[in-house]
Amino acid sequence: MRDTDLYRYLLGVEDPWFVSEVQLDVKEQRVDVWIEHPKGLQWPCPECGAEGTLHDHAEERVWRHLDSCQFQTFLHARPPRVVCPEHGVRQVQLPWAKPHARFTLLFERFAIEVLRHTTIQAGRMILRISWDEAWHVMERAVQRGLRRKPERMIAQLGVDEKSVGSGQDYVTVVCDLERSTVEEVTEGNNCRSLQIYFEGLTDKQREGIEAVAMDMAGGYINAVSGSLPEGREKIVFDRFHIMKLMNEAVDRVRREEHKRLTDGGSSILTGTKFLWLYARERLPAKHWEQFSILKAAGLKTARAWAIKETLRELWRYKSRAWAEKFWKRWYFWATHSRLAPVKKIANTLKTHLYGILTYSKHRITNATTEGINSKIETLRKAACGFRNKQRFRTVILFHLGGLDLYPATH
Ligand SMILES: [Zn+2]
């Protein structure tokens, strides 16, 4: 077998193309392969498929291909240009690469596979490509994935902000809670950041959104209320976020009381900070005895803790009417507790009650979104930051967008 035939076989070069020359550079560990086609062929127009005669050839182009025996392999060819009666002179679509690509389809598929499983830095070392080329592959893959993405219904959304680096620089991450994928990443963490996402949807998709899980952030509330039909009724405030606020209120009560008690010579609250944060049923057994003594000591902190723990019940109700009945009792208790931090949170929750009681119908939280956010954080650290937010978006959608990234090969 001649080396040209061998390479045609190895590279999967299809008819009518054949390998005309192979140059091996052992020192550079590089193989250059020239591909040509026989004369006198008809070529399909890339626009309409109508066959036409050869007009001329474009300049020679080079594509990086899969390595052969660890040698970097490059394909060379002059793309034919065809005359179409309707579309004029057009460059023929080549079977091994997309227009304007620097790599063959097979190399691009392999590069995507590698980049999906490693950092950009490690990926470009394995693939022996530059930073720019690695970005090029990822950006093209994401664009391809977004173009192919079907217009589908997203019933449950999760929205959260994500810090881009240091300081007050944020993006908004919108997740599909059922598929656990990132739908979109937009600039900033305000009303506009989320509006932009909604504007990119069709009317049917906007109507199809049934519920949106989020923290009690004003910007996002306005965006959902203003952009979705009956938007306000679709907001579900994340219960973990609410319980975090309650825990902070309990801790504020504890700190004040601890200070007063230590001034009076008692150290009963020393080292107890974390005990009050546990959910009742999660308290480790080794703390049970100490905790029962604390609870029986008539402390304000214990009262705040009991109010906090009782609030958890709110999310057990499947009937909105019962949840509301429970809420009224709890609110009365919290606001008559003479514990200022608890009262303050109770009032915050009252003004947001519309989005708390919705949980009885849409049982969603931001847990999925936060899981995705921690994956994003891993990507951010691995990349040692990004030149701009557009690149941050590309990386997030590449890894977490659930997109069909690979170019089709036939
Ligand atoms: Zn045509």
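The largest cavity in this predicted model has a volume of about 40 Å³. A cavity here is a set of points, on a 1 Å grid over the protein atoms alone, where a 1.4 Å probe fits but cannot get out. Grid points are joined across faces, edges and corners, and the volume is the space filled by probe spheres set on the points. How many cavities of 30 Å³ or more does a search of the whole structure find? It finds one. The lining is made up of L314, W315, Y317, A323, I356, L357, Y359 and S360, where a lining residue has an atom within 4 Å of a point. By class, that lining has seven nonpolar residues, one polar and no charged. For these classes, Ala, Val, Leu, Ile, Met, Phe, Trp, Tyr, Cys and Pro count as nonpolar, Asp, Glu, Lys and Arg as charged, and the others, Gly among them, as polar.

A quick word on the ground rules. This is a predicted model, in which local features need pLDDT of at least 70 and side-chain atom pairs count only at pLDDT 80 or more, while totals for chains, interfaces and linings use all residues. Residues are numbered from 1 along each chain as its sequence is written, and side-chain values use heavy atoms, with hydrogens and water left out.

Now for the pockets. Unlike a cavity, a pocket is an open set of points, with protein on both sides within 12 Å along at least five of seven lines. Here are two of them.

| Pocket | Volume | Nonpolar residues | Polar residues | Charged residues |
|---|---|---|---|---|
| Largest pocket | about 400 Å³ | six | one | six |

The largest pocket has a volume of about 400 Å³. Its lining has 13 residues, and R239, F240, M243, R282 and R312 are the closest to its centre. The second largest pocket is lined by 15 residues, with K149, E183, Y197, G200 and L201 nearest its centre. Strand β11 (181–187) and helix α5 (191–199) are the elements that give two or more residues to this second lining. Helices (H or I, at least four residues) and strands (E, at least two) are DSSP runs, numbered from the N terminus.

Next up is the metal. Which residues coordinate the zinc ion? They are C45 (SG), C48 (SG), C84 (SG) and H87 (ND1), at 2.2 to 2.3 Å. To count as a donor, an N, O or S atom must lie within 2.8 Å of the metal (3.2 Å for Na, K and Ca), and sites may look incomplete because water is not among the atoms. The angles among the four donor atoms run from 105 to 112°, and the site is tetrahedral. Four donors get that label if all angles lie between 85 and 135 degrees. The ideal angle for four tetrahedral donors is 109.5 degrees. Along the sequence, the donor residues follow the spacing C-x2-C-x35-C-x2-H. C45, in the loop between β3 (42–44) and β4 (51–57), and C84, in strand β7 (residues 80–84), are 39 residues apart, and the pair links distant parts of the chain. Both C45 and C84 are buried, meaning under 20% relative accessible area, whereas exposed means over 50% and partly exposed lies in between (1.4 Å probe, protein chains only).

N366 sits in the loop between α13 (354–357) and α14 (367–382). Why does N366 count as buried? Because its relative accessible area is 0%. Leaving aside neighbours within four places in sequence, N366 is in contact (heavy atoms within 4.5 Å) with G158, V159, D160, A213, M214, D215 and D238. Y170 lies in strand β10 (residues 170–176) and counts as buried at 18% relative accessibility. Not counting residues up to four places away in sequence, Y170 touches several residues, including E161, E187 and K389. N247, in helix α8 (residues 239–263), is buried at 15%, and beyond its neighbours within four places in sequence N247 is in contact with W276, L277 and K308.

Finally, some backbone details. A cis peptide bond joins D15 and P16, with omega about 0°, and P16 is in the loop between α1 (3–11) and β1 (18–25). R128 is not a glycine, yet its phi is positive, near 55°. With a relative accessible area of 34%, R128 is partly exposed. R338 also has a positive phi of about 55° without being a glycine, and at 70% relative accessibility R338 counts as exposed.

Notes: Four donors count as tetrahedral if all angles lie between 85 and 135 degrees; four count as square planar and six as octahedral if opposite donors are over 155 degrees apart and all others between 65 and 115; anything else is irregular.
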